[in-house]
Amino acid sequence: METADAWGDLFLHQWMAKATGYGYMDKNYTNMDKYKRCYFLLRERIMNRPYFPNCVEYSGTSKLTMMVLVKRFLFRKGRWVSLLLPMRRLIMKQMFEPVVFENTKLFWDYRIKNIDNYQGYYHWHQCCEMLYVHEGAGCVVLDGETFPIRPGMLFFFRPYQLHHVFANVSQDQPYSRTIFFFDPHLVDELLRPFSKRHALFKALWRGQNKARAFDLSLWSEAVERNYDNYQLLRSQRIGEDVEEIALLILQNLDCMLRSSTMPAEHFGRAEERKTAGYTQQAMKWIDEHYQDGFQLDDLADALHLSKFYLSKLFHEETGGTLKGYITAVRIRHACRLLETTAKSIEMIGSEVGIPNSSYFTQVFKHEVGTTPLKYRTGAVNRMKGSD
């Protein structure tokens, strides 16, 4: 058993280093922050599957066995099991991705970098998310619109807001970003003394501000310095201080306020956002007809295009598929109905355009990772826990 454990440690150590781009990491395992970040980078890599098939082939193990080994490895090296997500979430791309804060107030992921395939997928979280782009090109699909990924862009995602990030990644064009998640109720309290910035935050959180993305390229030095300083505080283990968290978010909001005064042509770059394109029209049509049991032919006919050409355009502009977007919209609305109504599973499936209840349950479980009934039970428990 000791021999097997030693082999598992050595293999996983090398594999995690390769999969996350850290190189051959030291064997002392003293810096658990590094291994936490290593785990989440590894998780992201697995979800996007650039390395995973090779790792499985190299080890001669199944995907599930590999994940068990990874979980056991991380558990032994830091007793960090409380933050590990369920095993199935490592193997499958799940739409609802809960962020587990445990004893932390802000979940911080600094300068994550991808240098190979990054397709992304439609998903949402139960908390607020800010994503700042250091390097990269691609697009973000948010509320039926596409926004460009480029250095200096900052995206604000509300709780349970469906979004999809697609990056064109290569060795010469990496995708580097800083992401942090936080409970909006906590930040709402912290920002109350700062009226202008508090008003902006509350409008973003409540969906009352139409801005979804901010071009902060003119203030990139200030933003980068802000993140570098906060990363230093995290390394000194004082980043969880509420004043430091408030300062981090206030400085972001300050740049966002200044960017909102720029002329529309500076921020929008309408030709990049393609707001008048077929993709925009397709997403708008889907948002209006998701309750109907339509086919792709119906959508294509409405836009006077062939479904093959429309599918090609949609994939080129968003990195995703029409079928994926339709499913994401339907499942997101299903989750809302499960959380806010007592309607039966059959009725909810019918209301989101999937009248066959068994097929609806199958699709829901594949996309969310649990059955509709269990999701509803979990939503009720979350609401009780927040009271």
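Predicted model: local features only at pLDDT ≥ 70, side-chain atom pairs only at ≥ 80, totals over all residues.

Just after helix H7, Gly-207 adopts a positive phi of about 75°.

**Helix H7**

- Helix H7 comprises 12 residues, 195–206.
- The buried residues of H7 are His-198, Leu-200, Phe-201, Ala-203, Leu-204 and Trp-205.
- An α-helix has 3.6 residues a turn, so residues three or four places apart point the same way.
- The cover over the buried residues of H7 includes strands E2 (128–135), E5 (153–157), E7 (175–182) and E8 (213–215).
- Helices also contribute to this cover, including H6 (184–190) and H9 (242–259).

**The sheet E4-E3-E6**

- Three strands, in the order E4-E3-E6, make up an open sheet with antiparallel pairing.
- Strand E4 (145–149) and strand E6 (163–167) are the edge strands, each pairing on one side only.
- From one strand to the next, the twist averages 20°.
- Five bridges join strand E3 (residues 138–142) to E4 in the antiparallel sense.
- Val-141 has Thr-146 in E4 as its bridge partner.

**Helix H12 on the sheet**

- Helix H12 (residues 278–289) packs on this sheet, where it touches E3 and E4.
- The direction of H12 makes about 135° with that of E4.

Definitions and conventions:
Residues numbered from 1 in each chain as written. Heavy atoms only, no water. Helix = DSSP H or I, 4+ residues; strand = E, 2+ residues; numbered from the N terminus. Expected span 1.5 Å × (residues − 1). Buried < 20%, exposed > 50% of the residue type's maximum accessible area, 1.4 Å probe, protein only. Contact = heavy atoms within 4.5 Å. Pairing = 2+ DSSP bridges. Axes fitted to C-alpha atoms, helices over the stretch in contact; angles between N-to-C directions.
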